[in-house]
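Keep the viewer open as you read.

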Amino acid sequence: MAAPVGRCLWRVLAPCRGWVVPGLDQRLAAAPALVSAAPPGRPYAAAAKTAKRDSKKTKQEERKKKQVTNRRPLMSKPVDDVYLTWYYKRPSYDVEKAVGMLKKFQELDFTYPKQHVYINVFLDMALQKKKKVEPFSSIVVLPHRFTDETNKVLVFTEDEQEAEIARANGAAVVGGVELVKWILEDEIQVDFYVAVPAIMPKLIPLRNKLKRKYPSTRRNSMGHDIPKMLQFFREGLEYMVQDERVIKTRIARLDMPTEQIIANLKAVIHDICTFKPLTDGPFVQKLVIRSSTSEGLLLNLDGLLPEVEKVEEEKEENEEDDKETHVQESLST
């Protein structure tokens with residue numbers, strides 16, 4: 001339709017205006033063909049894009065393999081008071097000096113003097129033969145208490161004399177099988193549960209409910225010595241492994257003497273180290289101490305961890321003593 005219209009315009013306008021445009025008729029006839037023509041095809045465009053993506057991936061992989069860094073090697077100690085921290089290794093301190101620094105920070109910042117002291121313990125959970133230590137929780141009684149708060153403990157017993165002993169030693173709840181229904185319905189909630197051996201067969205419905213707090217001899221929560229169990233669980237500090245390899249817990253109050261804070265720290269560390277054999281290497285990889293308002297200070301582990309040599313020497317001494325006693329007995333016979 002466009003070609004006839006162009007010819008009509010040319011016949012009408014050209015005589016009137018005197019236009020002389022050579023080849024206009026042919027151009028108008030060819031215009032629709034140009035307009036309606038489809039754009040040229042690009043059969044290799046998709047292949048080119050995928051090739052570019054593959055080349056980018058290979059370049060990124062090569063960069064990761066090289067891992068070339070332009071950073072300078074880390075220096076041991078800064079010379080000035082103001083320095084870039086990423087150019088230097090993180091300083092580590094002896095435990096006495098670190099506790100003194102925490103006390104100094106509190107004085108300079110005018111913060112609460114009775115704030116708590118915390119430790120973050122980073123563990124090596126690997127064992128021999130590609131095994132690892134499973135995440136665990138434990139309770140330790142610290143040599144120096146830092147709070148007046150006590151844990152709520154429930155005692156399972158059906159003996160009236162044992163129930164009176166439990167109440168006299170600070171049990172929050174004392175009872176027998178009648179408590180099972182209330183615990184399953186969440187009407188009774190306490191921190192720990194202890195029981196005497198005679199009632200254990202009747203507590204089986206609570207196994208899935210209480211899980212790791214279910215009374216057992218391994219956790220020292222089942223036995224006949226009710227006063228001892230109550231003291232342990234009422235005054236004990238509970239800690240657990242978080243994020244598969246980290247323990248975060250409070251150990252003292254900042255206004256306590258330095259010796260008491262260190263004693264509490266060592267008690268927790270020695271309890272943690274009992275969950276991995278010393279022959280499999282050190283359990284604690286890194287230890288950080290801080291207060292509620294201060295930065296974390298990295299501690300030197302020298303003198304804080306139990307040593308394998310001392311344990312082996314003690315075993316050898318015990319074996320020698322056993323041999324001597326055996327020889328003496330044989331001579332006497």
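Start with Asp124 and Lys276, which form a salt bridge whose closest N and O atoms are 3.8 Å apart. Asp124 sits in the loop between β2 and β3, while Lys276 is in the loop between α9 and β9, so this bridge ties together parts that are 152 residues apart in sequence. Bear in mind that the model is predicted.

How many salt bridges turn up in a search of the whole structure? The search finds five. Another of them joins the side chains of Lys209 and Asp186, at 2.7 Å from N to O. Here helix α7 supplies Lys209, and Asp186 comes from the loop between α6 and β6, 23 residues apart. Both ends are partly exposed, Lys209 at 37% relative accessibility and Asp186 at 42%.

Arg212 is in the loop between α7 and α8 and Glu238 is in strand β7, so the pair connects parts 26 residues apart in sequence. Arg212 is partly exposed at 33%, and so is Glu238 at 28%.

Now go back to strand β2, residues 116-123, and find Asn120. With 16% relative accessibility, Asn120 falls under the 20% cut-off, so it counts as buried. Beyond its neighbours within four places in sequence, Asn120 is in contact with Ile247, Lys248, Lys286, Leu287, Val288 and Arg290.

Notes: Residues are numbered from 1 along each chain as its sequence is written. This is a predicted model: local features need pLDDT of at least 70, side-chain atom pairs count only at pLDDT 80 or more; totals for chains, interfaces and linings use all residues. Side-chain values use heavy atoms; hydrogens and water are left out. Helices (H or I, at least four residues) and strands (E, at least two) are DSSP runs, numbered from the N terminus. Buried means under 20% relative accessible area, exposed over 50%, partly exposed in between (1.4 Å probe, protein chains only). Contact means heavy atoms within 4.5 Å. A salt bridge is a side-chain nitrogen of Lys or Arg within 4 Å of a carboxyl oxygen of Asp or Glu.
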